[in-house]
Amino acid sequence: MGATHQQRVQRDLVGTVIDEVSFEVERGKIREFARATFTTDPVHTDRAAAAATGAKDVLATATHVVVAGHHRDQRAFVDRLGLALERVVVGGVRWTYARALEAGDSLHGVRRVTGDVERESSRGGRMRVITLETEYVDAAGRPSVHVEETIIERGASG
């Protein structure tokens, strides 16, 4: 599908690896996420409850991989994409799990640009919409989580 006058494709970044990150899924962080998200299922805080489901340790909450942001160089990420941070908003995030994450898992993620378009905003003006995808694998190289993020850079005002 070709670009129209309303949508200009930025082909130079599509396919680019933006960053890589590795981190451990920690029991303490799982507890913090469970508390912060008001999760009451004991599989996130009680080893016995998690073991009853067949897990070896407590299970991570659904949005746990956002912890990767603490291990990334966010300034380099913004610079690499050429974003004006003051105009950036998160358009959405979707997590798709190949398996449940457990305390003790070691994850490695590679984040790539899969879309970069400029288009008209519904409020007038231009905006840039960037789609990023991160594939996380565990220490054995098995796929664990796929994350798709949409980032919107609003056009300059004035």
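1. Arg 111 and Phe 77. The charged end of Arg 111 sits over the ring of Phe 77, at 4.1 Å from the ring centre. A charge sits over a ring here if NZ of Lys or CZ of Arg is within 6 Å of the ring centre and within 35 degrees of the ring normal. This is a predicted model, in which local features need pLDDT of at least 70 and side-chain atom pairs count only at pLDDT 80 or more, while totals for chains, interfaces and linings use all residues. Residues are numbered from 1 along each chain as its sequence is written, and side-chain values use heavy atoms, with hydrogens and water left out.

2. Largest pocket. Arg 111 and Phe 77 are also among the residues nearest the centre of the largest pocket, together with Arg 72, Gln 74 and Glu 149. The lining has 22 residues and the space inside is about 410 Å³. A pocket is an open set of points on a 1 Å grid over the protein atoms alone, where a 1.4 Å probe fits, with protein on both sides within 12 Å along at least five of seven lines; lining residues have an atom within 4 Å of a point. Grid points are joined across faces, edges and corners, and the volume is the space filled by probe spheres set on the points.

3. Lining of the pocket. Two or more lining residues come from each of α3 (74-81), β3 (88-97), β5 (126-138) and β6 (143-154). β3 gives the most, with five residues. By class, the lining has 14 nonpolar, five polar and three charged residues. Ala, Val, Leu, Ile, Met, Phe, Trp, Tyr, Cys and Pro count as nonpolar, Asp, Glu, Lys and Arg as charged, and the others, Gly among them, as polar.

4. Overall layout. The chain has three helices and six strands, in the order β-β-α-α-α-β-β-β-β from the N terminus. Helices (H or I, at least four residues) and strands (E, at least two) are DSSP runs, numbered from the N terminus. The C-alpha atoms fill a box of roughly 60 × 30 × 30 Å along the principal axes. Of the 158 residues, 37% count as buried, meaning under 20% relative accessible area, with exposed over 50% and partly exposed in between (1.4 Å probe, protein chains only). Among contacts (heavy atoms within 4.5 Å) between residues at least 6 apart in sequence, 69% join residues at least 24 apart.

5. Aromatic pair. The structure holds one aromatic pair. The ring centres of Phe 23 and Tyr 136 are 6.0 Å apart and the planes are at 80°, so the pair is edge-to-face. Phe 23 is in strand β2 (residues 17-24) and Tyr 136 in strand β5, so the pair ties together parts 113 residues apart in sequence. Both Phe 23 and Tyr 136 are buried. Rings of Phe, Tyr and Trp (its six-membered ring) pair if their centres lie within 6.5 Å; planes under 30 degrees apart count as stacked, over 60 as edge-to-face and the rest as tilted.

6. Ser 144. Ser 144, in strand β6, is buried at 1% relative accessible area. Beyond neighbours within four places in sequence, the contacts of Ser 144 include Tyr 136, Thr 96, Leu 101 and Leu 107.

7. Phe 38 lies in the loop between α1 (27-36) and α2 (47-51) and has phi near 55°, a positive value in a residue other than glycine. Phe 38 is exposed, with a relative accessible area of 72%. Leu 13, in the loop between β1 (7-9) and β2, counts as buried at 14% relative accessibility.
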